[in-house]
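Morning, everyone. Let me put the next model on the screen, and then I'll talk you through it.

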Amino acid sequence: MELLNIKNLQAKVEGKDILKGLNLTVNPGEVHAIMGPNGSGKSTLASVLAGREEYEVTGGEVLYKGIDLLDLSPEDRARKGVFLAFQYPVEIPGVTNANFLKTAVNEVRKANNLAPLDSKEFLILMKDKMKLVEIDKAMTQRSVNEGFSGGEKKRNEIFQMAMLEPELAVLDETDSGLDIDALRVVANGVNALRNKQRSFIVITHYQRLLDYIVPDFVHVLYNGRIVKSGTKELAFELEEKGYDWIKELSPETAKI
Amino acid sequence: MKNNTPLPVASFLNQFNDAEKSFTTSLLPMKKDAIARFEELGFPTTKNEDWKYTNVFPILNNTYHTAANEFNVKSTDILKFISGWENDTVLVFENGKYNAALSKLQNLPSGVIAGDIKDFSDHPSVNLYLGKIASYTNESFVALNTALFNRGAFIYVPKNVQINCNIHVLFLNDSRANSTVCHPRNLYVAEKGSKVKISENYYSLDSVNPAFCNPVTEINIEENASLELCKNQSENENDFHIDYTAIHLQKNANLNINTITTGGKIVRNNLRIVLQGRNASAYLNGLYVVSGECHVDNHSFVDHSSPDCYSNELYKGILDDHSHGVFNGRIYVRKDAQKTNAYQSNKNILLSDDATMYAKPQLEIYADDVKCSHGATTGQLDPESMFYLRSRGIGERESRALLTMAYAEEVLDKITILPVKEKLQEVVHSRLMKESN
């Protein structure tokens, strides 16, 4: 059964239509890359999937494991296994990373009728996951993202993903602002978390990330719709030709 | 003037006449003068600029009884208040009266005094400072306290003595039988080079009858001495609390005072700090986490009267339901107080549309070589932070509690009296969880 089924999704923010009929199907274990020029609706898609309130869905539907995802609160989406790695992770002074994660992990466990982890069990789990993205102990004791470098913030997102073990992870421009070393660390973390059940939607502007996280499918988003889909070769084509030729594939733009 | 004095004030005048015989003779002239002054001043109205946002007249809607002679509070009644204080010294005041049986003096170096001020009325420090640091001339509640006080905590730390344990003072209102009033009068003296940590804890036993607590605290911190004071105000939702604390700091003295309010109906804190000696430093922090109909008003006045002194003030509020907050912080830098560093900040979060906050930071600077700053902000929880937490599976209620707790921690972190800090963290956390319902 498909994990995610997006049908004719339309959404607007601040009165402006951004998504104009987006269709996408993701099966368990697949990695889908969504590429597109600035303003095409990539981040809007991520925000709508995570449940950001400012984004108004005006049409279409999103089924996640057969249920209406759009009907769920952001926390319920997370508890059912949806994870968004933020493009701009928020700094939360005064809340330590460890305390934040322990609360999150146990709230998710509670919602799934699992006993909460005690401090010892939590520490063991955390130690195990810290290795994936080279997080050290000091970082877990710092306030969430406070004073973190761009690379540390993105590593922290993947660390959270590793802790929460989602079934659908949406990575919103996780590569933005990363140098090549940080990019490699982040990508290695993601690759380590790939398995037959877990699916990824990797949103990116550049093909570079896809050298490290190799997708099963690549989709090109333009003007609120997916205008072309293919395999990883499509990403190379985009890298080579840029986005201009895509515009010709979009009926709306053709009119202009 | 007398004609404007509201009638109920008369009941306090009667209390003076009833109690007059029990006052220490040497204090009687001051007390007589204070009651006369109170009669002239009456209760302050909201026309008085210092009381513009705090109407104290609801206090007068009750008939208060002064404490009976016998004690009614049992050791089991106070267990939850004193837990964590096992290795510290504890003074217990029941409706303002010192309860020696419930108090525990321990781990104090020789020469240190902690007890009921009534038992030390001829101590040199009492003669020197009692009534000399807190002036009642323009403060009707100080006048009332000065006229009517009979008891209070006296803590004296001799020269160069550093106390490792904490001294906790528990002021317990027991208005189970009747509405009660008390006027504790505290005096803390830290002599040269000494160090002490004191907590004042204001609680009420469960009761629907209001209690009115009107404490005045005078503190002198001598040269190179250091004093920390934590005020934990956790009284019932019907209770009134008017606090006046005046502190003098001498050369190189250090003060860390934290005022944490989590209960009461009307709470007014008047804090007056005078940096009298060179290079003295004062840290003033406050936190108020209130809901329901609670009204909490923090007035502070930091008087830089010597050069090279430092003051840093941080007050934070979390207000829910119909609660009201008032912050009025005044920094006064005198002409001779060059090289002053004075900072002040007031930040508030309103959790409800019906909560209100009035903030008035004031800087008055008469010296020309100083570094001063002040600011006040009032807002809501950051929606982006809320979304971030919720997107990780943390429910709305818990997310709010996490964020507000983190906000509160900035102040709670300044408390180094650990058992009090931990208790306050618990109280604030459970309060924030409840408010997020």
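I'll take the chains in turn, and then where they meet.

Ground rules. This is a predicted model, where local features need pLDDT of at least 70, side-chain atom pairs count only at pLDDT 80 or more, and totals for chains, interfaces and linings use all residues. Residues are numbered from 1 along each chain as its sequence is written, and chains are lettered from A and ligands numbered from 1 in the order in which they are written.

Chain A. Its secondary structure comes to 11 helices and 12 strands. Along the principal axes, the C-alpha atoms of chain A fill a box of roughly 60 × 40 × 35 Å.

Burial next. Of the 256 residues in chain A, 44% are buried. Buried means 20 or more other C-beta atoms within 10 Å of the residue's own, with C-beta atoms placed from the backbone. Look at helix α1 of chain A, residues 42-50: nine of its nine residues are buried. Among them are A:K42, A:L45 and A:V48. Just after α1(A), A:G51 takes a positive phi of about 95°.

Now chain B. Here we have eight helices and 21 strands. The radius of gyration is 21 Å, close to the 22 Å that the globule rule gives for 437 residues, so chain B too is as compact as a globular protein of its length. Its C-alpha box is roughly 70 × 55 × 50 Å along the principal axes. Buried residues make up 53% of chain B.

Last, the interface. How many residues of chain A are in contact with chain B? There are 19, against 17 residues of chain B. Contact means C-beta atoms, placed from the backbone, within 7 Å. On the chain A side, α2 (74-79), β7 (92-96), α3 (97-111) and α6 (150-164) each supply at least two residues. The largest share, five residues, comes from α3(A).

That's the tour. Questions, please.

Conventions:
Contact = placed C-beta atoms within 7 Å. Helix = DSSP H or I, 4+ residues; strand = E, 2+ residues; numbered from the N terminus. Rg over C-alpha atoms; globule rule 2.2 N^0.38 Å. Buried ≥ 20, exposed ≤ 12 C-beta atoms within 10 Å, placed from the backbone.
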